[in-house]
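Student: Please take me through the terms used for this structure, setting each value against its definition.

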Amino acid sequence: MKEPVLEVRHVSGGYRESGVLGTRKRYQEVIQDVDFCVYHGEILGLVGESGTGKTTLTRMILGMLKPESGEIIHHTKRPQIIFQDPYSSLNPVYTAEWAVEEPLRVFGKYDAKERKRRVYEMLERVKLPRECWNAKPDDLSGGQRQRVCIAAALIQRPRFLIADEPVSALDVTIQAKILDLIKELRDDLDLSFLFISHDLNVVYQLCDRVLVMKSGRIVEQGDIEEVYNNPKSEYTKKLLEASL
Amino acid sequence: MTKKDSSIDPKSFLIVGAVITLLLVLVIIVGMFWTPYSPTAMKYGRFQSPSWNHIFGTDNFGRDIFSRIVKGAGNTLVIALSTVIIGAAGGILIGSLTGYFGGAVDVVLMRVNDALTAFPSFLLALLIVSLVGPGSKYSVVLALGLVFIPSFARVTRSEFASLRSRNFVTGARLTGAGHARIIFVYLLPNTGRVLLPALTIGFNNAVLAEASMSFLGIGVTPPDSSLGYMLSEAQSMVSIAPWYALSTGLSIVLLVFGVGLIGEGLQARAKEVD
């Protein structure tokens, strides 16, 4: 819990609306002075209502959006993301196996045999039933799809992943299984996670530390037990009361 | 996946359409190498009505109509296919680039596209033929091909625009996939659902457009022939040799009907998936 894998340093930013030929530009700030680290081996929770800028922050960390000020320092290569909606995160025309192999094809370092070996190993690891390996997304359940997405995100062996509400589209029983899988993978593969959720119970089950975000600012951060048992900000108290 | 209200299975459309089309194509391909009679020889007796020897009869020069239809249909098929290939290739290229990248180029090109679709396509084709110079099947192919680009571009663009923000595209970018890979490997296969029916509709429109142009005398001219050209010939002798117009017209109908059924089936199947 010492080495940071990601440092977000006083980051502010948002969207610039561009007019028809890129002339008019209106700026809307979404993130204000956000400052935190993700440490090696931890699962850091990020909670907050929808519209507080969680997704915007994600896009900045992934380099899809430039912060207006502050800096984001990655200490790992190629962070990956697991999306909330497993229905749109898989290409409907290709099989599960294809989806997991694709990042390796893009990466281009291994031959076909080595790729297959890695893909099968990863599919075993995420416990996708063998009969689903050749199925297309339409024939998979939400939980199975999410396992495929996790496998695809892990196949390039990233050290750091963002999980953007990975279980909120799933049934409660499936949720628990996926959460267990994430924990197991963290331990086995030595991963670090930024786990985004609006569900405080899920975050409590899974995370080591937690950030609470409101209107683009972090209003509280700390160890999970500490924050849940002894919330300092009014907003955190309100959130906790609402979820109990 | 709810049951559609129409009681006919789209699969049966597909099968019947495919059978008709395959049979016709087979006859046409055989006709490119062999026809029962020479399609140009004028020695079979003028205006013979259909018989076992000449199943569609003979025309005013004593040529066997069946052999001529097989040859003419071959030309029509080649023209329609080339037209669709030009139109689809151009349209898919423009549509995928504008739909994927968006921005100013997208806005400008799509307005041009809208302006072009505001004209009846037939009028545009006429304009292009008169610019290129009429009289060969290449000018017909070029004119119709160019005219078909906007509709394919629009269909492709709207699919790309709705697909590009899907998570699997974002995920692909994060793994390092380049634009070309995303366009061809990720997005294009997903547009098949709408593009395949569009291709069959385009083919039929091309057959009909070629027929009308040749009928009006700005399409195929002798020594080439096509179904449309033959139909215009046939109309001048419709009272003496009605079988000529009838057999030629029915050939066009059959060709369009077969491919139309395939398109209908594909469309129904695509809707079922939605």
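Student: Why is the pair Arg118(A) and Glu114(A) called a salt bridge?

Tutor: In this predicted model, the closest N and O atoms of Arg118(A) and Glu114(A) are 2.8 Å apart. The term asks for a side-chain nitrogen of Lys or Arg within 4 Å of a carboxyl oxygen of Asp or Glu, so the pair qualifies. Side chains of opposite charge can pair when their charged atoms come close.

Student: What separates Arg118(A) and Glu114(A) in helix 3 of chain A?

Tutor: They are four residues apart in helix 3 (residues 112-125) of chain A, and therefore about one helical turn separates them. Helices here are DSSP runs of H or I with at least four residues, strands are runs of E with at least two, and both are numbered from the N terminus.

Student: Which parts of chain B does the pair Arg157(B) and Asp106(B) tie together?

Tutor: The side chains of Arg157(B) and Asp106(B) meet in a salt bridge of 2.7 Å, N to O. Arg157(B) lies in helix 5 (residues 137-163) of chain B and Asp106(B) in helix 3 of chain B, so the pair links parts that are 51 residues apart in sequence. Arg157(B) is partly exposed at 23%, while Asp106(B), with 11%, is buried.

Student: Which residues do salt bridges that share partners join into one network?

Tutor: The network consists of Glu97(A), Glu101(A), Glu102(A), Arg105(A), Arg115(A), Lys116(A) and Arg181(B). Over all chains, the structure holds 24 salt bridges.

Student: How many salt bridges does the rule find across the interface of chain B and chain A?

Tutor: The rule finds one. The side chains of Arg181(B) and Glu102(A) meet in a salt bridge, with 2.6 Å from N to O. Across the interface of chain B and chain A there are also eight residue pairs in polar contact, with both residues at pLDDT 80 or more. A polar contact is a pair of N or O atoms within 3.5 Å; within protein, one must be able to donate a hydrogen and the other to accept it, and residues adjacent in sequence count only if both atoms are side-chain atoms.

Student: Which elements give two or more residues to the side of chain B that touches chain A?

Tutor: They are helix 3 (103-118), helix 6 (167-174) and helix 7 (179-187) of chain B, and the largest share, five residues, comes from helix 6 of chain B.

Student: How large is the area buried between chain B and chain A?

Tutor: It is about 1,700 Å², of which carbon and sulfur atoms give 60%. In chain B, Asn167(B), Leu174(B) and Thr175(B) lose the most area to chain A, together 38% of what that side buries. Buried area is the accessible area (1.4 Å probe) that two parts lose on being put together, summed over both. The contact (heavy atoms within 4.5 Å) takes 16 residues from chain B and 22 residues from chain A.

Student: What makes strand 3 of chain A mostly covered?

Tutor: Five of the five residues of strand 3 (residues 43-47) of chain A are buried. Ile43(A), Gly45(A) and Val47(A) point one way from the strand, and Leu44(A) and Leu46(A) the other way.

Student: How do you know that strand 3 of chain A pairs with strand 7 of chain A?

Tutor: Two strands pair if DSSP finds at least two bridges between them, and five bridges join strand 3 of chain A to strand 7 (residues 192-197) of chain A, which run parallel. In strand 7 of chain A, the bridge partner of Leu44(A) is Leu194(A). Four bridges join strand 3 of chain A to strand 8 (residues 209-214) of chain A, again parallel, with Leu46(A) opposite Leu211(A).

Student: Which conventions stand behind these values?

Tutor: Residues are numbered from 1 along each chain as its sequence is written, and chains are lettered from A and ligands numbered from 1 in the order in which they are written. Local features need pLDDT of at least 70, side-chain atom pairs count only at pLDDT 80 or more, and totals for chains, interfaces and linings use all residues, while side-chain values use heavy atoms, with hydrogens and water left out.

Conventions:
Buried means under 20% relative accessible area, exposed over 50%, partly exposed in between (1.4 Å probe, protein chains only).
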